[in-house]
Amino acid sequence: YRIAVFASGEGSNFQALVDAARNGGLGASIDLLVCDKPAARVVQRAQDAGVECHLFTPKNYDSREAYEAEIMEVLESKNIDLVVLAGYMRLLTSVVVDRYAGRLINIHPSLLPAFAGKDAIGQALEYGVKITGVTVHFVDGGMDTGPIIAQHPVPILPEDTAESVSHSIHAAEQQLYPEVVSWFAQGWVQLEGRQVTVKKAD
Ligand code: GRF
């Protein structure tokens, strides 16, 4: 079962997936990193892990469709089964979304549908919620709107700071994302309309 990760930044989720794949906890291999920021830390992580990179600079293309068509060729040539977005800071067009429908997932640092979009942790703190968390969901054409696969709560306590909440959120993500990806690798995830069911074997 072959996975491509799309990321733009730090890559702590990419690293968690690579580590899980190495430990045999994923039941899948991380075969490709797709990154729109050639200088991002995640690119260094991929090189250290020996994961092939497809790097591109969006402004060198006429349209999003143009660089996504190129990405699609790489995904298909490598027979990628599942596309995993991990801090990929761009919206995808139908070029990728349609072709990978049901095989394209994202992780978002809030309990969706609350606090979609940028700086979800900042939004949650500003709003004053006492519980936030992490959501893994299918990607559709919208911003953080696809069917929800799994969520994990993270409390916000009076003594918390932006930094401590962000730390707890990342810890939750690094637990949840490899687990969810392993469900896909085992064929446990089913999607019908907006309803997602996970049938774990005993
Ligand atoms: C994560 O918080 C993820 O939920 C969001 O972007 C962040 C990426 O962090 N979509 P990292 O690059 O994996 O460290």
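The questions below cover an annotated histidine, a ligand shell, a nonpolar core and some backbone features of a predicted model.

This is a predicted model, in which local features need pLDDT of at least 70, side-chain atom pairs count only at pLDDT 80 or more, and totals for chains, interfaces and linings use all residues. Residues are numbered from 1 along each chain as its sequence is written.

Q: Is His-108 buried or exposed?
A: A residue is buried if 20 or more other C-beta atoms lie within 10 Å of its own, exposed if 12 or fewer, and partly exposed in between, with C-beta atoms placed from the backbone. His-108 has 22 other C-beta atoms within 10 Å, so His-108 is buried.

Q: In which strand is the place of His-108?
A: Helices (H or I, at least four residues) and strands (E, at least two) are DSSP runs, numbered from the N terminus. The run that holds His-108 spans residues 104–108. That is strand 5.

Q: Which residues does His-108 touch, not counting residues up to four places away in sequence?
A: Two residues are in contact if their C-beta atoms, placed from the backbone, lie within 7 Å. For His-108, the contacts are Ala-120, Thr-135, His-137 and Asp-144.

Q: Which residues around the ligand come nearest?
A: A residue is near a molecule if its C-beta atom, placed from the backbone, lies within 6 Å of it. There are 13 residues around the ligand. Those that come nearest are Glu-10, Ser-12, Asn-13, Gly-87 and Pro-109.

Q: Which element supplies the largest share of the shell around the ligand?
A: Helix 1 (12–22) and strand 5 each supply at least two residues of the shell. The largest share is 3 residues, and it comes from helix 1.

Q: Which residues touch the most other members of the largest nonpolar core?
A: A nonpolar core is a set of buried Ala, Val, Leu, Ile, Met, Phe, Trp, Tyr and Cys residues joined through C-beta atoms within 7 Å. The largest one has 55 residues. The members touching the most others are Val-5, Leu-17 and Leu-33.

Q: Why do the buried residues of helix 5 line one face of the helix?
A: The buried residues are Ala-120, Ile-121 and Ala-124. Seen down the axis of helix 5, they line one face because they fall within an arc, taken from the directions from the helix axis to the C-beta atoms, of 100°.

Q: Against which elements do the buried residues of helix 5 pack?
A: Helix 5 covers residues 120–127. Its buried residues pack against strand 5, strand 6 (131–138) and helix 6.

Q: Is Phe-115 buried or exposed?
A: Phe-115 is found in the loop between strand 5 and helix 5. Its phi is positive, about 60°, although Phe-115 is not a glycine. With 23 other C-beta atoms within 10 Å, Phe-115 is buried.

Q: Is Asn-79 buried or exposed?
A: Asn-79 has a positive phi of about 50° although it is not a glycine. Its place is in the loop between helix 3 (64–77) and strand 4 (82–85). With 8 C-beta neighbours inside 10 Å, Asn-79 counts as exposed.
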